[in-house]
Amino acid sequence: MTPALDERDRIRDAMDRILSGAPQASNGALTVVALAQEAGVPRNALTQRHLDLKNEFYERVKERGATPDVESRLRQKIVKLKETISNKNKELDRLRTDVPALVRVINQLTLENQQLREQFSQPTTDVIPLHDRRRFQPPDLPS
């Protein structure tokens, strides 16, 4: 498919409208996607056929001192990801310090459990078994 003859002109006009803050067919973002929408061309027209116009657009954006929307969103995402990493590292450090303490508690409880099992497995003279009440006959009491 051959590009329309006026494609480059439409892209340049769209570039001017976006950079002047008067977009007509897009949201006016400083991105290639918005530029393609504004010009009424497919995005790949800028990424494959007219790389020079795409680069020119980004140069003009840079000259204005404006940060492209994509870059702003990526910078915000980076900040959020760094916060997440920091929080996860703190949580991981806390878990790493908790694990040895929990292992010690488990070992102590295991030892106590073993000692109690041994203690209950050996009969003692302190415990007197109760007789079954059904079989138990009270002694005759003198009247």
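Start by selecting Thr31: leaving aside residues up to four places away in sequence, Thr31 touches Phe57, Tyr58, Asp69 and Val70. Keep in mind that you're looking at a predicted model. Thr31 sits in the loop between H1 and H2. Is Thr31 buried or exposed? Its relative accessibility is 8%, and buried means under 20%, so Thr31 counts as buried.

Next, follow the contact to Phe57 and select helix H4, residues 51–63. H4 has 13 residues and reaches 18 Å from its first C-alpha to its last, close to the 18 Å expected at 1.5 Å a residue. Now colour Leu53, Phe57 and Val61, which are buried.

What covers the buried residues of H4? Show helix H1 (7–20), helix H2 (32–39) and helix H3 (43–49), which are among the covering parts.

Finally, go to the largest nonpolar core, a set of 18 residues. Select Ile11, Met15, Leu35, Leu46 and Phe57, the ones with the most contacts inside this core. H1, H2, H3 and H4 are the elements that give two or more residues to it. Zoom in on Leu46: not counting residues up to four places away in sequence, Leu46 touches Ile11, Val32, Leu35, Ala36, Leu51, Leu53 and Lys54. In soluble globular proteins, nonpolar side chains tend to be buried together.

Notes: Residues numbered from 1 in each chain as written. Predicted model: local features only at pLDDT ≥ 70, side-chain atom pairs only at ≥ 80, totals over all residues. Heavy atoms only, no water. Helix = DSSP H or I, 4+ residues; strand = E, 2+ residues; numbered from the N terminus. Expected span 1.5 Å × (residues − 1). Buried < 20%, exposed > 50% of the residue type's maximum accessible area, 1.4 Å probe, protein only. Contact = heavy atoms within 4.5 Å. Core = buried A, V, L, I, M, F, W, Y, C linked by side-chain atoms within 4.5 Å.
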